Amino acid sequence: MHGLASPPPLLPSYREQSAAVRARFDSLKAREVIMTVSHLHKNFDSDGRSTLALQDIHFSTHRREFLCIVGPSGCGKSTLVRILAGLEEPSSGEVLLQGRPVTGPGSDRGMVFQAYTLFPWLTVKKNVMFGLQVNGTGRLQAERDAMQWLQLIGLERFAEAYPHQLSGGMKQRVAIVRALANQPRILLMDEPFGALDAQTRARMQVHLLEIWRKIDITIVFITHDLDEAILLADRILVLSAHPGEVQELIEVPVPRPRSLAQFITPEFLATKARLEQLIYSASQETTEEELYPMMARMTDVRDNVE
Amino acid sequence: MRRSPWLRILRPLTPRARIACGVLAFVLPLALWSLVSYVPAIWHPQVRITDPGSVSYLDTGAYLPRAAFDTEVADARHEQRAAPKGVSANPIYLPSPGQVLQAFYRAFTTRPETKDGPWLYQSLWHSIQIIFWGYMISSLLGVPLGILCGAYAAMARLNEPFLEFFRYLPAPAFGALAVAILGIYDGPKIAIIVIGTFFQQVLIIANTTRKLDPALLEAALTLGTRSRQLLTRVVIPGILPDLYRDQRILLGWAWTYLIVAELIGTTSGITWFITQQARYQHFANVYAAIAMIGILGLGTDLLLARLGRSLFPWDRALVKSA
């Protein structure tokens, strides 16, 4: 027993960065700013009571950055990304996309939702063509583009299939290229892999990194899975709950290219420890859930399972 | 212990059991009807006279309640007159399945009883036209209005309170008014079907439209769809399979108003045939005509269901039931 309980490994600080990682961050920050969020507040009014969901959110993201937003449940991360997409209006503050204020949804910001939102009445190809066509691209050109996008993610065989014939992972891959086909400046993703099983999820994470590497796109990715955030992100924006506030903007020290094998590297573990500290210690103080009760034993005392 | 496959809640039947139940659904009522018709020991409360004997007011073929017949027989025996003879019979308004089947066949093969009277198929065709126009006019107005009410809250608030009030008014109540305005021929009949269908139609389709997944609308918005395009590009294609199902149900609704509608003004169509035959007490013909309406209605619905499956290959509700 004593032999197994090793002392906690001495982790480096999550702020320590290798020279290569520091150089990456320097070049990242030298790139133009794509999106700026400043002094963003959001109130919800219900039954005459006003709840503050987001308080003074501010951050900016650079071209081709991969930004993850994490936080305990109820921190308003979904509300935040919906405001970025223009699906909801902030109570005050503003969102700037390349210097221009966001006033509503538009094709310059793509979005992938957690729920499957492919149009069930359109084939895979026509789903990808949808955004192009509503923005005025001709049918033939849209069709050519859509096929190229499907080839890029290896789903051209399913061009004529309907969404209900696809697996969950495939649906989300199509949803990603449907959003990318408009060539938006930024791709907003609201827990896009939340409904997938663990294996599919891991493959999708690698797949998404591959897409991100190959295309000029900035990604803002919402998740509550800390491993996922560290694996994917350049920087992680940590929110606290009730109201949602920026706690810290963490620069992930894990070098790129990333792979699932990095889950046990010291940088990874250090970052995760910091995230857990931020999220769980904060959420324990403000938790609204009751503690689960200790149960009375209902089996024979000798009938033990542990 | 395995539980019986027939008693599992919310579980589908095996394909064979499905077919068996479907066939039984028609065979069981038919069997019951046959039993009552062909087994003299069951019911048969009357006697059909085959020989009036010495009873002056009886004719061959007349129907008499069993008690009255028994009294006449006893009286005749007592007075040593010739007793009337008869066989057990059901009331004249309940013909046997065989008689109805014969009537069904005869209706298409025998000339109409009056010289310029319509053949049965002509009466039926006239009824179908009434239904078609009533349903068409109602749909041309009701479907677009329903979709608009479902899509725009202002439209819903503006229309639905009044429609909710109006749909409780029985359509036949407008019969006299319809005759005054539209004359006595087909106009008022079509109007009754429109009134009976339209109000329900708007409300049902508005509800169907409201059930569209709002996430699809949001996805379309983030792809750059402008709000005017949303209606044609997302709302309408999104609700189409459900809209089609609603329209099938509403067509059945239109049929149920047919008989009342055709009684208004000059009686016409299948209703004319039914009232005429009932007047002559040809009840087998009446049942045959009623059965024809049922067969026509069910047949159309099955056809439309099959058409729907090929029109909407993405519709999972249809795929599941196929």
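## Briefing: chains A and B of a predicted model

In β8(A), the bridge partner of A:I69 is A:I222. This is a predicted model, in which local features need pLDDT of at least 70 and side-chain atom pairs count only at pLDDT 80 or more, while totals for chains, interfaces and linings use all residues. Residues are numbered from 1 along each chain as its sequence is written, and chains are lettered from A and ligands numbered from 1 in the order in which they are written.

**Strand β3 of chain A**

- Strand β3(A) covers residues 66-70, and five of its five residues are buried, so the strand is largely enclosed by the rest of the structure.
- A residue is buried if 20 or more other C-beta atoms lie within 10 Å of its own, exposed if 12 or fewer, and partly exposed in between; C-beta atoms are placed from the backbone.
- A:F66, A:C68 and A:V70 point one way from β3(A), and A:L67 and A:I69 point the other way.
- Strand β8 (residues 218-222) of chain A pairs with β3(A) in the parallel sense, over four bridges.
- Strand β9 (residues 235-240) of chain A also pairs with β3(A) in the parallel sense over four bridges.
- Two strands pair if DSSP finds at least two bridges between them.
- A:L67 has A:R235 in β9(A) as its bridge partner.

**Chain A overall**

- Chain A holds eight helices and 10 strands.
- These are DSSP runs numbered from the N terminus: helices are H or I with at least four residues, strands E with at least two.
- The radius of gyration of chain A is 22 Å, close to the 19 Å that the globule rule gives for 306 residues, so chain A is as compact as a globular protein of that length.
- That radius is taken over C-alpha atoms, and the globule rule is 2.2 Å times the number of residues to the power 0.38.
- The C-alpha trace of chain A spans about 70 × 55 × 45 Å along its principal axes.
- Of the 306 residues of chain A, 39% count as buried.
- Among contacts in chain A between residues at least 6 apart in sequence, 71% join residues at least 24 apart.

**Where A meets B**

- Contacts link 21 residues of chain A with 17 residues of chain B.
- Two residues are in contact if their C-beta atoms, placed from the backbone, lie within 7 Å.
- On the chain A side, β6 (109-112) and α3 (124-134) are the elements that give two or more residues.

**Chain B: sheet and helix**

- Three strands of chain B form an open sheet in the order β2-β1-β3, with antiparallel pairing.
- β2 (63-65) and β3 (85-89) of chain B stand at the edges with a single partner strand each, so one side of each is left without a neighbour in the sheet.
- Five bridges join β1 (residues 46-51) of chain B to β3(B).
- B:Q46 stands opposite B:A89 in β3(B).
- Helix α2 (residues 66-78) of chain B lies across β1, β2 and β3 of chain B, at about 90° to β2(B).
- Axes are lines fitted to C-alpha atoms, for helices over the stretch in contact, and angles run from 0 to 180 degrees between N-to-C directions.

- Chain B is divided into domain 1 (46-89) and domain 2 (109-321), with bounds from an automatic or database domain assignment.
- The centres of domain 1 and domain 2 of chain B, taken over C-alpha atoms, are 52 Å apart.
- B:A156 is found in helix α5 (residues 153-166) of chain B.
- B:A156 has 21 C-beta neighbours inside 10 Å, so it counts as buried.
- Not counting residues up to four places away in sequence, B:A156 touches B:C149 and B:A206.
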